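Here is a friendly set of notes to read alongside the model on your screen. Take the points one at a time, and find each residue in the viewer as you go.

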Amino acid sequence: MKGKYGGVKFACYSTNATMAIVAYLSPLLFLTFRNLYGVSYSLLGSLVLINFCMQLTVDLIFSFFSHKFNIPLMVKCTPAISVLGIAIFALAPLLFPNAVYTGLVIGTVIFSASSGFAEVLISPVIASLPAENPDREISKLHAVYAWGTVAVVIVGTLFLLAFGEQNWQWLVCVFAVVPVVATIAFARAKIPEMETPKKISGALGFFKNGGLWLCVLAIFLGGASEVTMAQWSSGYIEQALGIPKVWGDVFGVAMFGLALALGRTLYAKFGKNVGKVLFWGAIGASVCYLLSVFSPVAVLSLIACALTGFFVSMMWPGSLVVASDRFPNGGVFIYAMMAAGGDFGASIGPQLLGIITDSVAGSESFINMSASLGLTGEQLGMKAGLLVGAIFPIIAIFVFYAVCRKRKKNPLWLGVESIEERK
């Protein structure tokens with residue numbers, strides 16, 4: 001059985017690694033695009049917004065209309081679409097010499113849509129394969145994404161340092177090898193059958209189940225807890241803690257990603273009882289958030305930022321495991337709903353932190369307070385923003401507590417029905 005589906009697993013892993021490339025490609029090249037093409041910060045930030053909006057759009061489309069798609073064909077086409085988007089992104093200066101940003105937007109729209117497809121389709125493919133421990137297989141899949149994040153940051157940083165930002169297009173070409181390999185692997189692989197509602201009314205029926213919304217809330221909080229620290233830790237370490245930028249980049253992104261990958265890899269190897277993992281992970285993440293804000297020692301705050309990655313590592317994949325167990329017949333629809341919840345949290349969390357930071361830093365009433373604390377207005381603003389960000393893992397403690405409780409020897413997530421009734 002392992003040999004029969006080995007090609008499918010490899011293709012899925014490669015596609016999830018492509019998602020990491022897509023997520024971090026634009027932020028990695030922000031300063032390059034500004035220096036070479038004069039793109040404003042607001043327009044650069046819009047590339048990230050476009051990425052999120054496209055993924056969320058795909059999530060919602062699949063939530064209601066998954067029965068309209070040829071699922072196996074969409075799975076096989078997903079990495080190929082990424083190749084197209086990445087190619088246009090790399091060729092933007094040649095295709096649009098007088099409007100490079102336009103080319104970057106077009107490429108971003110295409111590979112972001114592909115990333116949305118991957119988010120919805122790849123996890124259910126892995127979940128559909130025969131396995132002794134499906135929970136660990138899902139964790140392993142998401143560990144590949146985390147390791148891919150670390151690789152993208154390290155390889156990209158070293159490449160630009162060695163060859164100069166003017167050669168950024170060659171870096172993109174190097175990254176494009178991953179989705180090309182995934183496309184070839186999928187072309188030769190047999191995709192397992194996956195269930196999906198036969199019509200819209202079948203999907204709407206799931207909305208009446210409170211367990212669905214509990215699962216969506218769980219992944220919303222997991223996505224917000226993870227991505228808020230992932231996106232802001234570098235800037236927080238540099239601005240609020242006064243640590244040089246190079247160390248902010250290393251510990252803010254690479255070390256966070258390394259901790260994230262380590263947590264998911266350990267669960268894939270040894271993990272069990274995902275409910276307790278989620279519960280204690282939320283507690284650990286809450287402590288790290290608060291420690292990073294209130295610790296008087298900068299190095300300790302830095303370590304807390306990095307360690308947050310370990311504690312939030314299972315919040316997203318663990319919530320998927322719980323949802324797939326709760327709705328074994330939900331198929332692609334359930335994964336689409338969960339992806340939408342996770343993406344929404346991943347957007348709301350960082351955006352909220354940014355709003356709080358700007359509000360506090362620009363408020364005259366906080367200027368005296370920041371001075372009395374020996375901080376600048378921006379430092380106080382970032383600490384306040386990260387403190388508000390701690391709300392997500394704190395709330396997650398209570399949501400994930402339900403996973404640990406038992407009712408008729410089932411997690412509370414499974415509702416009142418017993419195992420025998422589900423069979």
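The numbered points below go from the whole chain to its cores, its salt bridges and its surface.

1. **What you are looking at.** Please keep in mind that this is a predicted model. The protein contains 18 helices and 2 strands. Of its 423 residues, 53% count as buried. The protein exposes about 18,600 Å², and carbon and sulfur atoms supply 68% of that area.

2. **Contacts along the chain.** Take the contacts in the protein between residues with a separation of 6 or more: 80% of them come from residues 24 or more positions apart.

3. **The largest core.** Which residues have the most contacts inside the largest nonpolar core? They are Cys12, Phe62, Val75, Leu121, Met338 and Phe400, in a core of 78 residues. Helix α9 (residues 210–239) provides the largest share of this core, 11 residues. Another core, of 26 residues, lies apart from it, with Ile86, Ala90, Val100 and Leu171 among its members.

4. **A closer look at Cys12.** Is Cys12 buried or exposed? With a relative accessible area of 0%, Cys12 is buried, since the cut-off for that word is under 20%. Leaving aside residues up to four places away in sequence, Cys12 touches Ile122, Val125, Ile126, Leu141 and Phe186.

5. The structure holds 3 salt bridges. In one of them, the side chains of Glu137 and Lys9 meet, with an N to O distance of 3.4 Å. Glu137 belongs to helix α6 (residues 134–163) and Lys9 to helix α1 (residues 2–28), so this pair ties together parts that are 128 residues apart in sequence. Glu137 counts as buried because its relative accessibility is 13%, while Lys9, at 23%, counts as partly exposed.

6. **A salt bridge inside one helix.** Glu137 also forms a salt bridge with Lys140, and here the closest N and O atoms are 3.7 Å apart. Why are Glu137 and Lys140 separated by about one helical turn? Because they are 3 residues apart in helix α6. Lys140 has a relative accessibility of 33%, so Lys140 counts as partly exposed.

7. The side chains of Glu226 and Arg264 meet in a salt bridge at 3.2 Å, N to O. This pair links distant parts of the chain, with Glu226 in helix α9 and Arg264 in helix α10, 38 residues apart. Both Glu226 and Arg264 are buried. Salt bridges with shared partners also join Lys9, Glu137 and Lys140 into one network.

8. A nonpolar surface patch of about 920 Å² includes Leu262, Leu266, Phe270, Val287 and Leu291. Val297, Val299, Leu300, Ile303, Leu307 and Phe310 are part of the patch too. Which helix gives the most to the patch? Helix α12 does, with 5 residues. The helices α10 (245–270), α11 (274–294) and α12 (298–311) each supply at least two residues.

9. Leu266 sits in helix α10. Leu266 counts as partly exposed because its relative accessibility is 36%.

10. Thr102 lies in helix α5 (residues 100–128). With a relative accessibility of 36%, Thr102 counts as partly exposed, because the value falls between the cut-offs of 20% and 50%. The C-alpha atoms of Thr102 and Phe89 are separated by 9.5 Å, and the two residues are 13 residues apart along the chain.

Terms used: Residues are numbered from 1 along each chain as its sequence is written. This is a predicted model: local features need pLDDT of at least 70, side-chain atom pairs count only at pLDDT 80 or more; totals for chains, interfaces and linings use all residues. Side-chain values use heavy atoms; hydrogens and water are left out. Patches are made of residues with over 30% relative accessible area and no salt bridge: like charges are joined within 9 Å, nonpolar side chains (Val, Leu, Ile, Met, Phe, Trp, Tyr) within 5 Å. Accessible areas come from the Shrake-Rupley method with a 1.4 Å probe; for residues, only the protein chains shown count as cover. A salt bridge is a side-chain nitrogen of Lys or Arg within 4 Å of a carboxyl oxygen of Asp or Glu. Helices (H or I, at least four residues) and strands (E, at least two) are DSSP runs, numbered from the N terminus. Buried means under 20% relative accessible area, exposed over 50%, partly exposed in between (1.4 Å probe, protein chains only). A nonpolar core is a set of buried Ala, Val, Leu, Ile, Met, Phe, Trp, Tyr and Cys residues joined through side-chain atoms within 4.5 Å. Contact means heavy atoms within 4.5 Å.
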